[in-house]
Amino acid sequence: MTDKPSQSSGRQAALDYHEFPKPGKLEIRATKPMANGRDLARAYSPGVAEACIEISKDPETASKYTARGNLVAVVSNGTAVLGLGNIGALASKPVMEGKAVLFKKFANIDCFDIEVNEKNPEKLADIVCALEPTFGAINLEDIKAPDCFIVEKLCRERMNIPVFHDDQHGTAIVVGAAALNALRVAEKNIEDIKIVSTGGGAAGIACLNMLLKLGVKRENVWLCDIAGLVYEGRTEEMTPQKAEFAQASEHRTLDDVIDNADLFLGLSGPGVLKQDMVRKMAKRPIVFALANPTPEILPEEVRAVAPDAIMATGRSDYPNQVNNVLCFPFIFRGALDVQATQINDEMQIACVEGIAELARATTSAEAAAAYKGEQLTFGADYLIPKPFDPRLIGVVASAVANAAMKTGVAKAPVEDIEAYKEKLNQSVFKSALFMRPVFEAAATASRKIVFAEGEDERVLRAANAMLEETTDKPILVGRPDVIERRCERAGLSMQIGRDFDLVNPENDPRYRDYWGTYHEIMARRGVTPDLAKAIMRTNTTAIGAIMVQRGEADSLICGTFGEYLWHLNYVQQILGTKELHPTGALSLMILEDGPLFISDTHLHPEPTPEQIAETAISAARHVRRFGVEPQIALCSYSQFGNLQCDTGERMRAALALLDSSERDFAYEGEMHIDAALDIAVRNRIFPNSRLKGPANVLIFANTDAASGVRNILKVKAGGLEVGPILMGMGNRAHIVTPSITARGLLNMSAVAGTPVAHYG
């Protein structure tokens, strides 16, 4: 793996991220048209008065006529910013903007960040309460203890919308879920365990209170802070919240009370827990060392003295990362959707149980669904789901909404909780987060990906990103001096040999083996030894394909320049077999309202009915690897037999071929694109369609139509393309297009970097 970037280069990259292409991480966009005078008259005067009058008559209609019902305020005074301390309101703004982005990305919740220059908790509470007409909920953030307790208490008493201090309750919910599952793995009862905790701040106190709600006995909780054990009669560094956990004891230090502890809960600072202390803990100890960036004790230090210990940290480079993003977007989603007046204990516990159950629900993380990655099995190293698990929104938000309804705090209960959950599950695919499971799946194995055009700067940037974001190993085909020079020019720190392997077409010790292998494959197809030698000196696609054929690489990515079919010729020559042969090129377009797959975009200019049917079957297989149930539309100029044209005839023949055997996916045709995508149009024209919703796979009768739609969606609709995915080759090769970006190449490397259970 590559060395981490220097601190200075990492700092500049972070600053550039915030500055370019425009300052900050947020913007406001209109959701209604503003194209003419009529639109203006409706949006503002005089039409806006009608909405105002309705709200004045019935305040509940504010969620109907304004964005308030999906709008959260992230409010901070910057007195306790994670890892930075009391930096003030203005300096906290990047953090609050980041929190707002997470709300939008994970739960599609709109968010304003509000930084307030007010340190007096009572006055801060007054300011927050005065904002109630604007927002559907309030997220308090990074306010120091004990002020945060005061602000939250006053706001919850005076406001009729949810108020949630994420530093307290978000952390507590995820800790609660991890604790429940850790106890299950350790085969311990929550009523019997002894807990020793360090850190008496907002998060620490909230975690202990949550554990009490889950069944821990108060007398079994031992709280320590910077002044030692919290005991009855202590006055130093005390608050009313700490006092609730005071023990009547002669013990005074963490070392005194750690004996036979079942669970250590650390929300304090680095190095607080020592190995000797871990030795004193009960059998199968549970250690949650959550200080960031350096935990109270590192997992390897714990395992050295207690190999059977169960660990969690706040870091992403160890198993069981306790991350608030598992909770806060989804608890707010559920609360907003039923217009809850508060987030009560029952809703928080529902969130805890939902997260915990999700980790236990299956032996594989949903994030590994794309291309059937390695299973993540519930156990000591998998106590809580991955932060990007797309099931979180459905499981957690629906559990929260259900708890709100059961406890009577939901002003707008949903009629069918299962239908609501399904709607949430569908919403997760409305952004580029759709690709996240592919990266998670790719992380379950380390595969070698060879890039044929290794000198291209986009390839170099993609390879560098692979080293930072995946476990895969890039192999570049190119001249070493050119690659080194371009890496230096691009500011990339990766190095040949250390970070990636290189094949130099001009001088590589494997040259004889490569041309020999190629000649062996092609000897009876007119390729002489001299021609084989020339190709292995000049054709980087052929070189990459030979590496895959010889087992020196797992997958090939080529096509950043040149014609698609030229690359396909060599891929098919070298890697094609009776079982593995190209069936079509499938492009995934990630759009604002969900994914859309398009095929065949490159292979067959005028596919036969047999090729169209084969493309549909392959597409269904690949689409499922992204966690999507295929709804395939066969598109043509003709619509359900209304025209006798070439495309219609071929599509009807393909439909007959598909109908000749039982299929496990939905398909229909032949039809226009609007009928494929618009249920109302389709039902009006052909009410007995086999498709039950909008098509998510469009298969065309020629590549002109497929590529045209693909490019229009990419250029005019802002679609993010992943692909083309070369179907039929068992993930051994993918041919991209010259317009691909570095990010697009990284996405394709994740697709190529995922082992598949069976090749399609």
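Biologist: What makes the largest nonpolar core a core, and which residues have the most contacts inside it?

Modeller: In this predicted model, a nonpolar core is a set of buried nonpolar residues joined through side-chain atoms within 4.5 Å, and the largest such set has 101 residues, with Ile-138, Ile-173, Phe-288, Ile-331, Met-347 and Ile-355 having the most contacts inside it. Helix H8 (residues 166-186) gives the most to this core, with 11 residues. In soluble globular proteins, nonpolar side chains tend to be buried together.

Biologist: What does Ile-331 touch, once residues up to four places away in sequence are not counted?

Modeller: With contact taken as heavy atoms within 4.5 Å, Ile-331 touches Phe-164, Ile-173, Ile-343, Met-347, Gln-348, Cys-351, Val-396 and Val-400. Two of the partners, Ile-173 and Met-347, are also named among the residues with the most contacts inside the core. There is also a second, separate core of 53 residues, which includes Ile-483, Phe-597, Val-628 and Leu-634.

Biologist: Why is Ala-203 called buried?

Modeller: Its relative accessibility is 18%, and buried means under 20%, so Ala-203 counts as buried. Ala-203 has its place in helix H9 (residues 202-214) and, leaving out residues up to four places away in sequence, touches Asp-167, Gln-168, Thr-171 and Leu-267.

Biologist: Why is Ser-249 called buried, and where is it found?

Modeller: The same test applies: the relative accessible area of Ser-249 is 13%, the limit for buried is under 20%, and therefore Ser-249 is buried. Ser-249 is found in the loop between helix H10 (240-243) and helix H11 (254-257), and, aside from neighbours within four places in sequence, Ser-249 is in contact with Trp-222, Leu-229 and Tyr-231.

Biologist: What makes S18 and S20 the edge strands of the six-stranded sheet?

Modeller: The six strands form an open sheet with mixed pairing, in the order S18-S17-S19-S16-S15-S20. Strand S18 (666-671) and strand S20 (720-727) each have a single partner strand, so one side of each is left without a neighbour in the sheet, and both stand at the edges. From one strand to the next, the twist averages 20°.

Biologist: How do you know that S16 and S19 pair?

Modeller: Two strands pair if there are at least two bridges between them, and strand S16 (residues 594-599) and strand S19 (residues 697-700) are joined in the parallel sense over three bridges. Phe-597 has Val-697 in S19 as its bridge partner, and Phe-597 is also one of the residues of the second core. Helix H29 (residues 703-715) lies across strand S15 (584-591), S16, S19 and S20, and runs at about 150° to S16.

Biologist: What makes S11 and S14 a pair, and what is the order of the five-stranded sheet?

Modeller: The open sheet of five strands has the order S13-S12-S11-S14-S21 with parallel pairing, and its edge strands, S13 (501-503) and S21 (733-735), each pair on one side only. Strand S11 (residues 448-451) and strand S14 (residues 555-558) pair in the parallel sense over three bridges, where at least two are required, and Val-450 stands opposite Leu-556 in S14.

Biologist: Which helices lie across strands of this sheet?

Modeller: Helix H19 (residues 457-469) lies across S11 and strand S12 (473-477), running at about 160° to S12, while helix H24 (residues 564-575) lies across S14 and S21, running at about 170° to S21.

How values were computed:
Residues are numbered from 1 along each chain as its sequence is written. This is a predicted model: local features need pLDDT of at least 70, side-chain atom pairs count only at pLDDT 80 or more; totals for chains, interfaces and linings use all residues. Side-chain values use heavy atoms; hydrogens and water are left out. Helices (H or I, at least four residues) and strands (E, at least two) are DSSP runs, numbered from the N terminus. Buried means under 20% relative accessible area, exposed over 50%, partly exposed in between (1.4 Å probe, protein chains only). Axes are lines fitted to C-alpha atoms, for helices over the stretch in contact, and angles run from 0 to 180 degrees between N-to-C directions.
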